[in-house]
Amino acid sequence: MSDDDNSPISARAAKQLFAELKGSPALVLAVSGGPDSVALMWLAARWRRSLSRGPHLTVVTVDHGLRPEAAREAREVKRLATELGLTHQTLRWRGVKPTTGLPAAAREARYRLLAQAARKAGASHVLTAHTRDDQAETLLMRLVRGSGLAGLSAMARRTERHGIVLARPLLDVPKSQLVATLKRAKIGFADDPTNRDTAFTRPRLRALLPQLATEGGDARTLARLAVRLARANAAVEVLVDGAERFLQLRARGDAPQAGSRSYEASAFAALPEEVRLRLLLRAVNALGHEGPAELGKVETLMAALDEAIAARSPAVATGRAILKQTLAGALISLTGGRIHVAPAPARRSKGTYEGT
């Protein structure tokens, strides 16, 4: 870790962190009360005071109702936000909580509530306090789960979620620098014990980081790897865009019906494997109605398509389907020398499909 990693963030550096957001009408700051998000709030408030004109800042704390301390922490965030001259509101995740997959469900609920608050405030962005350390942990989590190139790109500086732009201005900043910033400003913050609860995957992987650092795999290196993988992923996406246009030109008079996609099987089979995989993934996610498709299942589907196309059965050139599968609410078939992807009919309660 360099000396800069333990140094408070200067006012000049803070301006650079938020410079791209200067022209926004309003911004929502997601602040839980921990050191990262409290630092985000303090830095954003200082940046906003330096501007003669700038976005209105609204601080939002989401109380998931999972810890008794959360309500007190939300009140403390409100107190500090008020001292900084910022508007604050606490939103609560109500309803029955799942017994499995709790972190993912809580994260989804948080983003949904933040997006609602942003729309109400007329905000163009929701700002979260994800740091370089979070980026390294996310990369490790996706690595052990066998994610593809897109997943290993980890978090982007900007994404869209629930119709709102999610911005991560601190993604290149180490957590230690944020803590140093708060200590110099004499600002307290909450300590969430779930961040150390080894019942969850992220804390277990976080505990491994010091050992990885001794081998050169510190947070800085892992975050740099995520950036490089994101760069490679963006290049592959350009190739997929080109392949999609190529297949559309090859379609000529065989344009797909509205609400479906169709590719010439032989032309599709000649494309690189990763490009073919992403074309299928795009089509299934665009036309399916059961959520994003799992990468492994799309790989299995593509292998079945490759095998059917390579078999060169006489049925490939006829109108009879030689392959027909459903995945994530999409129906994929190989008929008449073409691959077709369309929405699958709704499932019956017994697992069959309703006819139309």
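Visitor: How are the axes of helix α5 and helix α8 placed relative to each other in this model?

Guide: Two packed helices are described by the angle between their axes and by the distance between those axes. In this predicted model, helix α5 (residues 132–144) and helix α8 (residues 201–214) have axes that come within 10 Å and cross at roughly 105 degrees. Angles of 65 to 115 degrees count as roughly perpendicular, and α5 and α8 are therefore roughly perpendicular to each other.

Visitor: Which residues of α5 and α8 meet?

Guide: From α5 come Asp134, Glu137, Thr138, Leu140, Met141 and Val144. They meet Thr201, Arg202, Leu205, Arg206, Leu209 and Leu212 of α8. By class, the residues of this contact of α5 with α8 divide into six nonpolar, two polar and four charged.

Visitor: At what angle do α1 and α2 pack?

Guide: Helix α1 (residues 11–18) packs with α2 at about 95 degrees, and the axes are 9 Å apart. That makes α1 roughly perpendicular to α2. On the α1 side the contact is made by Ala11, Ala14, Lys15 and Phe18, and on the α2 side by Leu40, Leu43, Ala44, Arg46 and Trp47. The residues of the contact of α1 with α2 divide into seven nonpolar, no polar and two charged.

Visitor: Is Pro35 buried or exposed?

Guide: Burial is read from relative accessible area, with under 20% taken as buried. Pro35 has 11% relative accessibility and so counts as buried. Leaving aside neighbours within four places in sequence, Pro35 is in contact with Lys175, Val179, Leu182, Phe189 and Ala190.

Visitor: Is Ser37 buried or exposed, then?

Guide: Ser37 is buried, with a relative accessible area of 6%. Not counting residues up to four places away in sequence, Ser37 touches Ala30, Val31, Ser32 and Ala129.

Visitor: Which backbone atom of Ser32 lies 3.0 Å from a polar atom of the side chain of Ser37?

Guide: It is the backbone nitrogen of Ser32. On the Gly34 side, the backbone oxygen lies 3.4 Å from a polar atom of the Ser37 side chain.

Visitor: What does Thr61 touch?

Guide: Not counting residues up to four places away in sequence, Thr61 touches Val31, Ser32, Ala74, Val77, His88, Gln89, Thr90 and Leu91. With one of these, His88, the side chain of Thr61 makes a polar contact of 2.9 Å.

Visitor: Where is His125 found?

Guide: His125 is in strand β4 (residues 125–127). His125 is buried, with a relative accessible area of 9%. Its side chain makes a polar contact of 2.7 Å with the side chain of Ser124. Apart from neighbours within four places in sequence, the contacts of His125 include Leu21, Ser24, Ala26, Leu27, Val28 and Arg158. Ile164, Val165 and Ala167 are also in contact with His125.

Visitor: What is phi of His162, and where does the residue lie?

Guide: His162 has phi near 55 degrees, a positive value in a residue other than glycine. His162 lies in the loop between β5 and β6 (164–167). At 34% relative accessibility, His162 counts as partly exposed, whereas Ala154 is buried.

Key: Residues are numbered from 1 along each chain as its sequence is written. This is a predicted model: local features need pLDDT of at least 70, side-chain atom pairs count only at pLDDT 80 or more; totals for chains, interfaces and linings use all residues. Side-chain values use heavy atoms; hydrogens and water are left out. Axes are lines fitted to C-alpha atoms, for helices over the stretch in contact, and angles run from 0 to 180 degrees between N-to-C directions. Helices (H or I, at least four residues) and strands (E, at least two) are DSSP runs, numbered from the N terminus. Angles under 35 degrees count as roughly parallel, over 145 as roughly antiparallel, 65 to 115 as roughly perpendicular and the rest as oblique. Contact means heavy atoms within 4.5 Å. Ala, Val, Leu, Ile, Met, Phe, Trp, Tyr, Cys and Pro count as nonpolar, Asp, Glu, Lys and Arg as charged, and the others, Gly among them, as polar. Buried means under 20% relative accessible area, exposed over 50%, partly exposed in between (1.4 Å probe, protein chains only). A polar contact is a pair of N or O atoms within 3.5 Å; within protein, one must be able to donate a hydrogen and the other to accept it, and residues adjacent in sequence count only if both atoms are side-chain atoms.
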